[in-house]
Amino acid sequence: MLSIEMLPAQHGDCLWIEYGDPAQPKRVLVDCGLRATYRELSARLRERPEVGFELLVLSHIDADHIVGAIPLLQEIGPERFRDVWFNGWKHLPLPPDALGALHGEMFSAILASRGFAWNQAWDGKAVVLPDDAPLPEITLDGGLKLTLLSPTRERLADLRTTWNRELEDLDPGDTEAALAALQAMPRFQPDALGPETIDVEDLAEQPFEPDNSAANGSSIALLAEHGGKSLLLGADAFSPVLEDSLRRLLRQTGRTRLRVDACKIPHHGARSNNGPGLFSLLDCQDFLFSSNGSHGYHHPHRETIARILTTRKEARLHFNYRSPETTVWDDPGGLQREWDYEALYPKTGQTGYRLVL
């Protein structure tokens, strides 16, 4: 058994993965969303003190992935997680006397002070792709194989300017000042959704303008495999980095397209992280989107879904929210009939979305 549950993480990510014996599954947690996500995770874990995780992956330092992790790991002891994968300041190829980003500093301090296993599978070093060697593979207890797809060492190095800038007016270790700065961080302004009439071919042909966010480029992205099933976990990784890793993996296996049972779409479906080249390398029917479209991002973007529909017949689009950005694809007599796909949503009264592969 291999399953993925996209918890209701607002515009962020929190993925609860289970594998192995359905009666006694092993678990992996990928990212922790925002503070509301923390409250749901905390309630679950208080109700089930026996539940533990083989691994927590904190993919990168963006707020919609890390904010919920900070109070969670202050509350939940290190015995709940056999390992935590997170690239903190000490893992970046940077001068040792520079400062670090607010969220990364806070999360790193919790890991170190409370005794969590930290990048243990990597001998405490960075979770990063080698320049030329085969893609790293780690197999967890219970047989879940994880193949690293992102980040590269270059992308980790790019993070230093952002990391440094976010703390330039703060003293490391000043928790009150850091929390005040977090409250004062600027937010993106909303952009327009555009007309409701959707021209899939026109959307798919829009030029691809790649993401250049240093934080997103540092994302830990993985291919998870267990019992003949596979799941691509894209985090907020750059499309060109994922494409390059997939080509490396395909060369290793002698295939032209990678068969995966499901793809958790990078960056909540952002047009800048899901280039047409990515989908041309995948043989996949099930695509998962984690976002409620809030915070001015309007994820998932229509261009991303159009790129899927023009490269994959009988696609199944799995959304963990009904929102203006996702319900537009719930059109059985129009778009769904024309482009031969399914749109699936949480059941009425249900929060989050779970897919068993």
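Author: What follows is a set of questions about the labels used for this structure, each answered from its values.

Reader: What kind of model is this, and how many helices and strands does the protein have?

Author: The model is predicted, and the secondary structure of the protein comes to 13 helices and 16 strands. Of its 357 residues, 57% count as buried, and the accessible surface comes to about 15,400 Å², with 47% of that belonging to carbon and sulfur atoms.

Reader: Why is H65 called buried?

Author: The label requires a relative accessible area under 20%, and H65 has 0%, so H65 is buried. This residue is found in helix α2, which covers residues 63–66. Leaving out residues up to four places away in sequence, H65 touches D13, D31, C32, G33, L58, S59, H60, D236 and H268.

Reader: Why does L29 count as buried, and what does it touch?

Author: L29 has a relative accessibility of 0%, and because the cut-off is under 20%, L29 counts as buried. L29 is found in strand β3, residues 26–30, and, with residues up to four places away in sequence not counted, it touches C14, L15, W16, L41, F53, L55, L56, V57, L72 and F81. L29 and I4 are 25 residues apart in sequence, and their C-alpha atoms are 9.7 Å apart in space.

Reader: What makes β5 and β16 the edges of their sheet?

Author: The open sheet has six strands in the order β5-β4-β3-β2-β1-β16, and its pairing is mixed. β5 (84–85) and β16 each have a single partner strand, so one side of each is left without a neighbour in the sheet, and they stand at the edges.

Reader: How do you know that β4 and β5 pair, and in which sense do they run?

Author: Pairing calls for at least two bridges between two strands, and two bridges join β4 (residues 55–57) to β5, so the pair qualifies. These two strands run parallel, and the bridge partner of L56 in β5 is V84.

Reader: What joins β1 to β2 and to β16?

Author: Five bridges join β1 to β2 (residues 15–19), and these strands run antiparallel, with L2 standing opposite Y19 in β2. β1 and β16 (residues 353–356) also pair in the antiparallel sense, over four bridges, and the bridge partner of M6 in β16 is Y353.

Reader: Why is β1 described as covered on both faces?

Author: In a regular strand the side chains alternate between the two faces of the sheet, so each face has to be considered in turn. On one side of β1 are L2, I4 and M6, on the other S3 and E5, and all of these are buried. β1 spans residues 2–6, and five of its five residues are buried.

Reader: What makes the buried residues of α1 line one face of the helix?

Author: The buried residues of α1 are T37, Y38, L41, S42 and L45. Seen down the axis of α1, they fall within an arc of 135 degrees, so they line one face. The face turned away from this buried side carries the exposed residues R39, R46 and E47, while the buried residues pack against β2, β3 and α3 (69–75).

Reader: Which residues touch the most other members of the largest nonpolar core?

Author: That core has 67 residues, of which W85, F287, W329 and Y341 touch the most other members. Apart from it lies another core, of 40 residues, among them C32, L45, F107 and V128. In soluble globular proteins, nonpolar side chains tend to be buried together.

Technical notes. Residues numbered from 1 in each chain as written. Predicted model: local features only at pLDDT ≥ 70, side-chain atom pairs only at ≥ 80, totals over all residues. Heavy atoms only, no water. Buried < 20%, exposed > 50% of the residue type's maximum accessible area, 1.4 Å probe, protein only. Core = buried A, V, L, I, M, F, W, Y, C linked by side-chain atoms within 4.5 Å. Areas by Shrake-Rupley, 256 points an atom, 1.4 Å probe, with all protein chains shown as cover. Contact = heavy atoms within 4.5 Å. Arc of directions from axis to C-beta.
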